[in-house]
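Try each task before you read its solution.

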Amino acid sequence: MTAQSPEIARSIRTGSFNTNCHDLGQGKPVVLIHGSGPGVTGWANWRLVMPDLAKRVRVLAPDMVGFGYTDRPDGFAYSRAAWIRQILDLMDELGLPQVDIVGNSFGGAIALALAIQHPGRVGRLVLMGSAGLTFPVTDGLAAVWGYEPSFEAMKGLLDIFAHDRTLVTDELAELRYQASIRPGFQESFAALFPRPHQRWLDALGSDPADIAKVGHRSLIIHGRDDKVVPLDVSLQLHRLIERSELHVFGQCGHWAQIEHAARFNKLVADFIAD
């Protein structure tokens, strides 16, 4: 990829490293936190969301440390606390006392924990295919976190992510495979969630008693056919978060923002602007 890659955006200082962060639109700030797939970036996760959402709000989509084009500091201790600190440092550097947050999968776990620990820094909360509660690691999640680079492995992952198999083209699989083997990408990814995977999923989770205290207006979105994070996780989150609403997309896997992009974008934009 060249310096003109759409995945490379604004470099913002966050603590001891620089975060690659897309910054589009004007108005109410909304932070989009991506999931934890191999080769993922903020742009790859949110490319169909950012242009629509930026018509109504200011969109900030960082590459979380360990992913994408954000710096990879030597010896960095990756943890839920470190990712929360990154978002807070990003907000502080940009002079933003409060933001709405949209979190996808891994990103949902970070968003939820941030809302629990720093409730005043979060306005509205959107959790999509979100982790955040512990559950037995699914075969789909084990395949994602256990990824070893090859075109065939990436094609298999895309089959897991998407319910609609027409989305899983050889061209997309090749693109995402090449993304996963950029210098430094797989090395840091392999260090994030090594086997056994359950310990890392548990470490991302929040205590149900703490989740029940979340007072934020929350929108929970899930694909009914998700093979990575079970629908039951969002059902539990909906039961726990008093001011939550739940939308379940049928014929949808772990990629609601891609498989149902137009409807997803309208749902989220209307919720944030309401």
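**Exercise 1: The lining of the largest cavity**

Task: Find the helices that each supply at least two residues of the lining of the largest cavity.

Solution. Step 1: α1 (42–46), α5 (139–145), α6 (151–161), α7 (170–180) and α12 (256–259) each supply at least two lining residues. Helices here are DSSP runs (H or I, at least four residues), numbered from the N terminus. This is a predicted model, where local features need pLDDT of at least 70, side-chain atom pairs count only at pLDDT 80 or more, and totals for chains, interfaces and linings use all residues. Residues are numbered from 1 along each chain as its sequence is written, and side-chain values use heavy atoms, without hydrogens and water.

Step 1: α6 gives the largest share, 3 residues.

Step 2: The lining has 23 residues in total, and G37, V40, N45, F161 and W255 lie nearest the cavity centre. A cavity is a set of points, on a 1 Å grid over the protein atoms alone, where a 1.4 Å probe fits but cannot get out; lining residues have an atom within 4 Å of a point.

Step 3: Sort by class: 12 nonpolar, 9 polar and 2 charged. Ala, Val, Leu, Ile, Met, Phe, Trp, Tyr, Cys and Pro count as nonpolar, Asp, Glu, Lys and Arg as charged, and the others, Gly among them, as polar.

**Exercise 2: The second largest cavity**

Task: Describe the volume and lining of the second largest cavity.

Solution. Step 1: The second largest cavity holds about 40 Å³. A volume is the space filled by probe spheres set on the points, which are joined across faces, edges and corners.

Step 1: Its lining includes S36, F106, W145 and V229. α5 and α9 (198–204) each give two or more residues.

Step 2: By class, 8 are nonpolar, 2 polar and none charged.

Key
1 Å grid on protein atoms, 1.4 Å probe; cavity = no way out; pocket = protein on both sides within 12 Å on 5 of 7 lines; lining within 4 Å.
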